[in-house]
Amino acid sequence: MVRIKKILLILSIGLCFTMVFFSGVVLYLYYHPELIKPIIERSLSASTGASCTIENLSYSFQPMAFEVKGIHLKPLSPHQTFSMDVRFARADMVVMGPLGHGSLIIKNMQLNGVYLDLSLEQFELPAITPGKEGLSFPARMVRGLIGFFIFRDVKFQSGEILDGRISVAMGDQSLRAHGIHAKVGADQPLFLSFALEIKRPSRNIHFRAPSVNIRTDKMFDLFDLKLNGTIQSHGMTLQGSDPGIRRMDVVSRFTYTHATKKLDVENLQVGCNGIALRPVLEKMGSLPVLVTAAESIWMETGLTYDMDQGEIAFGPLELHIGGVSLMEKTNKPMPPMDINLKAEGIFHLSTYQLDIVQIHLAFSDILKMEGTLQAGLGRKGAVRLQVREASLWYERSRSFFPSEVRQALKPVRIEGIVRLKGHFAGEKVHGKWLWDCDFESRLTKNPYAYVDKETQLKGVVSTVIKVKVTGEEAGPWLVKAKLSIEDLVFQNKDGSLMGENISLITGIESDVDLKHFKMNFTAALEAKGGEALYDRYYLNLKKNPVVTSCNGSYNIQKRLLKLSELRFDLKGILPIEIHGYLNQGPSKGDADFTVTIPQVPLKPIFHHLLQEPYKTEKPFLENLETGGTVSAEFNVKGCQNAWEVRGRLGWHGGNLSLGERDISLKGIDLDLPVWYRSQFVKTPVETLKGKLEIQSVMVPLLPEQPLSIPLNTGPNRISVESPTVIRVPGGDLRLGPVQINHPFGPDLSVRTFLVFDRIKLQPLLSRIWTRPLEGTLTGILDPLRYEKHAITSQGEIRAEAFGGKILISDLDIPGIFTSAPVLKLNAQWDGLLLSEMTTGTSFGKIEGVLNGHIRDFEIAYGQPQRFDLLLETLKKKGVPQKISVKAVENIAQIGGGQSPFMGLAGVFASFFKKFPYEKIGIRAYLENDVFTINGTISEGGTEYLVKRGRFSGVNVVNQNPDNRVSFKDMVKRIQRITHKGGPVVK
């Protein structure tokens, strides 16, 4: 017990000594504050890593307060960019609570002239670093004694900052917040105001916020930090070489809870007026338009910043940009437009990921869209735009297309809305972007038009277009597109092209390699409904659908198109297959491809492509029947302006018949070589061999017979080297070798000759001359030519008939394949016995010998339209010259006169059947449908058609030598003569 008392006594004495010592130290420091200042300077220097100096320090205990003037923190080395000055600092203090359990309350703290300068290029925030060693035993003992005997914690009650300033330099950009005024207290909310200024001289940007005010609703507690209040800034401006804002205002409410580390921004409102942009055209790149100004921008949203999760959630965000002024590259202004945006989403700060779960975008009256957006803004970039529904007004959006696309689509007009949906996604993997695009566009009964210099199409279109693209940024991309059109209607301005209710589906799949400018593609098109008309060609697509497919590749840079297979099938009519390549490069243009028509029936091709379109113009086509199968294969080569086509055209088991004209060809087998060159080559080349065989040929005036013709084809020519014998009634016609030049162009020409080898006239003319006829036909037409739609000939044809000779020459047929062919010839006859020609005819019998000619004879439309005719008799020993009464009367009527057998002449003529004559001479002309007839015998001012004999006979006088009559009337005269009986002689 005694020992314990001794120990307590020693401790009490030690404690008293300590308190006396501590009280002495406190009293000493109280009366010598200059000793405290170095300790504080060294402590602040060590903790901040900067040089600290204090101009003046003072404090008091009754009342408790301290006051500091001139605190300066300067960098210790040139690399440090942190400095701070405090012109004046003062605070009142009080200890609350029982001794040993109290709190030090700091109140009425005032900081005046706080200046902070930072440079963020090399700036590291100064940190209060603990010493390398722990506190010394005396320091720990002093802290323990202060805490045990005086206070245990420190609390902040109120304070104010006046005339603060923060300056931050970031390269050529600077930020300056000045006029900082902050005030907070236990009985009043936090208030902070300052002016903000941001400059960037290199861009000539100057931003001013003359007054930024932050005010909380509740009182400020430094140790239980929860702030809610408002932030306001009005009259902000932005000046610069590119952007400019005349006025901007910001108003928002906020709540910050330090315990959960969440910042909630409610009803953030941002308004801007007078926004101007000055974009440089060189920076536009391929953009077709640029933004030059906007009247106003207004935004309202809410934000939640979760600091622990590193997320900023926003929404609903509403953005309105009014009066956006746009300008084309041509400096052509566009009407002002409005943009409205609504969105909700989250931004992940840790991954720089933006997720917008709801987007509503309305771009004036051009585009409306709803969808979602995900975008990775970090190093591993990614973006995905999902369009749930979008409406695009095509005509209003044309100005936003690239100029090349706009020029290509200039003739196209589509009214109404184009609806879109799908997604666009991209992801950056190993430094390369991978793209995935899948879009669908739809038109529903949209009016459309296509107008250019030659064509004007219009109608209504319903279509679905699907496009799918996958691949790397430079390719290859996988592109898939599908186009479906319903109720397609079109018509050009002259009505030669039209369609109604057309239904078609087309699709394409392609690998696009932008790096090497290549693409491989597969395309298909099907048109299975509606009707189409081109010129005179009509097609019912329901009965004869059009189906095409194509596989190939295209080099964009070289403009080289390769077709591994192109199929065009007009179902039930004509299929075509093409493969090869077409090079349209600037330095070299060439082509090499093959066109194949597999074996198909000829009749549908003939019916749709020839018979139906041309039967009105060529009526004989209506009754023309065809049969058999056809096939073809052509190789087409081209280089620059030189082209060559080689191949074969076949017709097998064919037949051709025209019943109304008794024309029939059966068993046709044609192997026709085809060889075309755009430039003539003199170098001889080996010809291609072919053949035409017909088992049975039946044509009027000719007996049924087979035909076999060997064919030789060279560049731009087809020839038959050997003569061809054609059997005719009474003999043979020999057609010489045939040379056809330029058979595929307007300069088509044919050269041959025709030989008449003593062909008997009786069998040849049996159908038109029923009475016995002795004689032969001989001669040669050499050359016989066809060119420029005309047949011309040289040579003569000689007929020995009626006891004399007929010579035919200058046989020409201009326009033979036109709608109005003309037959031209000259003929001369000598020594024809009139008795053989007129006996048994309705004209009446004439005896004698006839000479004469017909020159410049022309027949068109089956009617003579021009000739110069001479008929004269010639006295010949042993041949009487007599004429029947009927013949005399008919000659008189043809001449336009009256019958010579009138009155007493008729009584006299009743005793005779025929009269002798001295000469018959008639000259007739036809020109421009005017017919004139004259006698060649003139005596005493009288013109005779028939001059009687010396002692007896009858004269036929041309009573009106200037008589002119239309040829139609003359034909009627002749018809009356040939259809009536003989004259009645009284």
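## A covered helix

Helix α9 (residues 885-894) is mostly covered, with 8 of its 10 residues buried. Buried here means under 20% relative accessible area, exposed means over 50%, and partly exposed lies in between (1.4 Å probe, protein chains only). The buried positions in α9 are V885, A887, V888, E889, N890, I891, A892 and I894. An α-helix has 3.6 residues a turn, so residues three or four places apart point the same way.

The model is predicted: local features need pLDDT of at least 70, side-chain atom pairs count only at pLDDT 80 or more, and totals for chains, interfaces and linings use all residues. Residues are numbered from 1 along each chain as its sequence is written, and side-chain values use heavy atoms, with hydrogens and water left out.

## The chain overall

The chain has 11 helices and 54 strands. Helices (H or I, at least four residues) and strands (E, at least two) are DSSP runs, numbered from the N terminus. Of the 986 residues in the chain, 36% are buried.

The chain exposes about 57200 Å², and carbon and sulfur atoms supply 59% of that area. Accessible areas come from the Shrake-Rupley method with a 1.4 Å probe; for residues, only the protein chains shown count as cover. Take the contacts between residues at least 6 apart in sequence: 50% of them join residues at least 24 apart. Contact means heavy atoms within 4.5 Å.

## Around D85

D85 sits in strand β3 (residues 82-96). Its relative accessibility is 19%, so D85 counts as buried. The side chains of D85 and K74 are joined by a polar contact of 3.4 Å. A polar contact is a pair of N or O atoms within 3.5 Å; within protein, one must be able to donate a hydrogen and the other to accept it, and residues adjacent in sequence count only if both atoms are side-chain atoms.

Leaving out residues up to four places away in sequence, D85 touches I71, H72, L73, K74, G113, V114 and Y115. D85 and L73 lie 12 residues apart in sequence, with their C-alpha atoms 6.3 Å apart in space.

## Salt bridges

Side chains of opposite charge can pair when their charged atoms come close. The count comes to 29 salt bridges. A salt bridge is a side-chain nitrogen of Lys or Arg within 4 Å of a carboxyl oxygen of Asp or Glu. E526 and K528 meet in one of them, at 2.9 Å from N to O. E526 is partly exposed, with a relative accessible area of 32%.

K603 forms a salt bridge with E625, the closest N and O atoms being 3.9 Å apart. This pair links distant parts of the chain: K603 is in helix α6 (residues 602-614) and E625 is in strand β31 (residues 624-639), 22 residues apart. K603 is partly exposed at 48% relative accessibility. E625 is partly exposed too, at 38%.

K947 pairs with E939 in a salt bridge, with the closest N and O atoms 4.0 Å apart. K947 is buried at 13% relative accessibility, whereas E939 is partly exposed at 41%. E395, R398, R413 and E415 are linked in a network of salt bridges.

## Cysteines

A disulfide is a covalent bond between the sulfur atoms of two cysteines. In this model a disulfide is a pair of cysteine sulfur atoms within 2.5 Å, and the count by this rule is 0. C272 is buried, with a relative accessible area of 5%. C639 is partly exposed, at 41% relative accessibility.

## A nonpolar surface patch

W643, Y676 and F744 form a nonpolar patch on the surface, and together they have about 280 Å² of accessible area. Patches are made of residues with over 30% relative accessible area and no salt bridge: like charges are joined within 9 Å, nonpolar side chains (Val, Leu, Ile, Met, Phe, Trp, Tyr) within 5 Å. Y676 is found in strand β33 (residues 663-677). Y676 is partly exposed, with a relative accessible area of 30%.
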